[in-house]
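My notes follow the order in which I checked things.

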Amino acid sequence: MTDTIADMLCRLRNAAHARHKTVDVKNSKICAGIARVLKEEGYISTYANLDDGTHQGLIRLTIKYTPAGESIIHNVRRVSRPGCRVYRGVRGFPRVINGMGIGVLSTSAGVLSDRQARQRNIGGELLATIY
């Protein structure tokens with residue numbers, strides 16, 4: 001697998017669309033950072049590292065739903081890809097649905113949401129947008 005971030009986001013989007021309670025994704029530092037940001041921003045309930053007998057392991061994400069059973073996650077879009085990296089300065093971050101969604105960035109301070117990066121005045125690679 002060459003793009004673990006795209007795989008993670010695709011699995012998350014498909015599981016939310018199919019109304020699954022949990023989804024397992026391959027473990028990596030960047031995927032763990034994205035899971036932490038999604039939990040802090042309220043898109044998932046919890047995440048935990050699992051040992052599947054391999055060296056890499058898994059991360060289990062518990063998807064959050066509204067009381068009516070609708071997923072909190074409506075759209076997930078991978079912005080920066082291995083073939084076309086997208087870097088933004090602090091003033092170049094997109095406002096996802098006028099602040100209703102989030103942008104996930106890889107910065108020198110780790111994986112951050114666009115709100116956290118604006119507060120810290122840090123630019124970086126725009127990995128994905130989620131709303």
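I looked up the cysteines. The sulfur of cysteine 10 has its closest cysteine sulfur in cysteine 31, 13 Å away, which is too far for a bond. I counted a disulfide as a pair of cysteine sulfur atoms within 2.5 Å, and the structure holds zero of them. Cysteine 84 is in no disulfide either, as its nearest cysteine sulfur, that of cysteine 10, lies 19 Å away.

I noted that this is a predicted model, in which local features need pLDDT of at least 70, side-chain atom pairs count only at pLDDT 80 or more, and totals for chains, interfaces and linings use all residues. Residues are numbered from 1 along each chain as its sequence is written, and side-chain values use heavy atoms, with hydrogens and water left out.

Next I checked exposure, taking buried as under 20% relative accessible area, exposed as over 50% and partly exposed as in between (1.4 Å probe, protein chains only). Cysteine 10 is partly exposed at 30%, and cysteine 84 is partly exposed at 36%.

I then turned to the cores, each a set of buried Ala, Val, Leu, Ile, Met, Phe, Trp, Tyr and Cys residues joined through side-chain atoms within 4.5 Å. The largest nonpolar core has 26 residues, and Leu12, Ile34, Leu38, Leu61, Val104 and Ile130 have the most contacts inside it. Two or more residues each come from helix H1 (4–17), strand S1 (22–26), helix H2 (29–40), strand S3 (58–63), S6 and strand S8 (124–130). I took helices (H or I, at least four residues) and strands (E, at least two) as DSSP runs, numbered from the N terminus. H1 gives the largest share of this core, six residues. Another core, of eight residues, lies apart from it and includes Val79, Phe93, Leu105 and Leu112.

Which residues does glutamate 125 contact, leaving aside neighbours within four places in sequence? With contact meaning heavy atoms within 4.5 Å, I found Ser80, Arg85, Val86, Tyr87, Val104, Leu105 and Ser106. Glutamate 125 lies in strand S8 and counts as buried at 10% relative accessibility. Its C-alpha atom is separated by 9.8 Å from that of phenylalanine 93, 32 residues apart along the chain.

Last, I looked up isoleucine 97. Isoleucine 97 lies in the loop between strand S5 (87–88) and strand S6 (102–107), and is partly exposed, with a relative accessible area of 42%.
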